[in-house]
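I opened the model to look up its aromatic pairs and its helix geometry. My entries follow.

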Amino acid sequence: MPAPGRLNIMVNLTRIYTRTGDAGKTRLSDNSVAPKTDPRVEAYGQVDELNSAIGLLLAQYRLDEAARAALELIQNELLDLGADLSTPVIADPKTTPLRIVSTSIDRLERWCDEFGEQSPALRSFILPGGTPTAAWLHTCRTLARRAERAGWSAAERVGLEDGDETPTGGINVLALRYLNRLSDLLFIMARRANALDGQAETLWVPGGERNPAGR
């Protein structure tokens with residue numbers, strides 16, 4: 001029996017290649033056919049790229065226990081998010097779809113507050129970089145922003161479902177909010193990584209080389 005509150009979803013992958021996508025088509029999670037250029041496919045593809053980048057971060061870079069635990073949970077939720085974007089929101093679905101829920105967004109916000117307390121006050125925009133860990137967290141942040149933009153682009157095409165009206169096949173707004181909060185968290189984690197390693201941040205100088213110091 002599945003645990004209370006959990007979805008009973010079984011995945012059985014017996015063969016990776018299927019040849020079904022050779023004609024430029026794919027299937028969404030509700031089994032409907034869509035072109036591979038469908039904005040929903042682009043959106044969950046961007047989420048997959050972000051998840052892979054976080055996987056590289058976990059595999060190659062030094063992280064403290066709290067950050068690693070958070071990112072490992074986020075990786076799992078990004079697969080949930082991809083499934084969400086791949087499943088059009090409709091009224092009264094035959095089976096319960098996998099969706100991002102508000103409690104997951106609340107957890108990201110708590111992490112933002114907790115991790116943010118371990119960084120110095122932000123006095124200016126900062127340049128991405130610092131330690132290798134921080135630099136890659138900044139890269140993941142930009143990928144999260146790009147995935148969010150792709151999600152909103154999809155919502156412009158197929159509709160945004162936010163609970164105000166009867167669902168007709170659009171995008172779950174909570175999935176997009178999750179990506180927005182995640183990009184904030186990754187920014188905070190990048191700053192925290194530098195702070196924990198004693199690495200000073202490089203502040204943005206408007207105008208850059210046009211206004212060299214001392215001239």
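How many residues does α4 have, and how far does α4 reach from its first C-alpha to its last? This is a predicted model, in which I take local features at pLDDT of at least 70 and side-chain atom pairs at pLDDT 80 or more, while totals for chains, interfaces and linings use all residues. Residues are numbered from 1 along each chain as its sequence is written, and side-chain values use heavy atoms, with hydrogens and water left out.

Helix lengths. I find 27 residues in α4 and a reach of 39 Å, close to the 39 Å expected at 1.5 Å a residue. The expected span is 1.5 Å times one less than the number of residues. Helices are DSSP runs (H or I, at least four residues), numbered from the N terminus. After α4 comes G159, with a positive phi near 105°. For α5 I note 24 residues and 35 Å from first C-alpha to last, close to the expected 34 Å.

Helix packing. I looked up α1 against α4: they pack at an angle of about 170°, with the axes 8 Å apart. Axes are lines fitted to C-alpha atoms over the stretch in contact, and angles run from 0 to 180 degrees between N-to-C directions. α1 and α4 are therefore roughly antiparallel (angles over 145 degrees). Their crossing is left-handed, meaning that the near helix is turned anticlockwise from the far one by less than a right angle. By class, I list 17 nonpolar, three polar and five charged residues in the contact of α1 with α4. Asp, Glu, Lys and Arg count as charged, Ala, Val, Leu, Ile, Met, Phe, Trp, Tyr, Cys and Pro as nonpolar, and the others, Gly among them, as polar.

Aromatic pairs. I find two aromatic pairs in the structure. Y61 and W136 are stacked, at 6.2 Å centre to centre and 15° between the planes. Rings pair if their centres lie within 6.5 Å, with planes under 30 degrees apart counted as stacked and over 60 as edge-to-face. Y61 sits in the loop between α1 (39–60) and α2 (65–85), and W136 in α4 (residues 132–158), 75 residues apart. Y61 is partly exposed at 22% relative accessible area, and W136 is partly exposed at 22%. F125 and W204 are edge-to-face, at 5.7 Å and 70°. F125 lies in the loop between α3 (102–116) and α4, W204 in the segment after α5 (173–196), 79 residues apart. I record F125 as exposed at 62% and W204 as partly exposed at 42%. Exposed means over 50% relative accessible area, buried under 20%, and partly exposed in between (1.4 Å probe, protein chains only).

Technical notes
Rings of Phe, Tyr and Trp (its six-membered ring) pair if their centres lie within 6.5 Å; planes under 30 degrees apart count as stacked, over 60 as edge-to-face and the rest as tilted. Helices (H or I, at least four residues) and strands (E, at least two) are DSSP runs, numbered from the N terminus. Angles under 35 degrees count as roughly parallel, over 145 as roughly antiparallel, 65 to 115 as roughly perpendicular and the rest as oblique.
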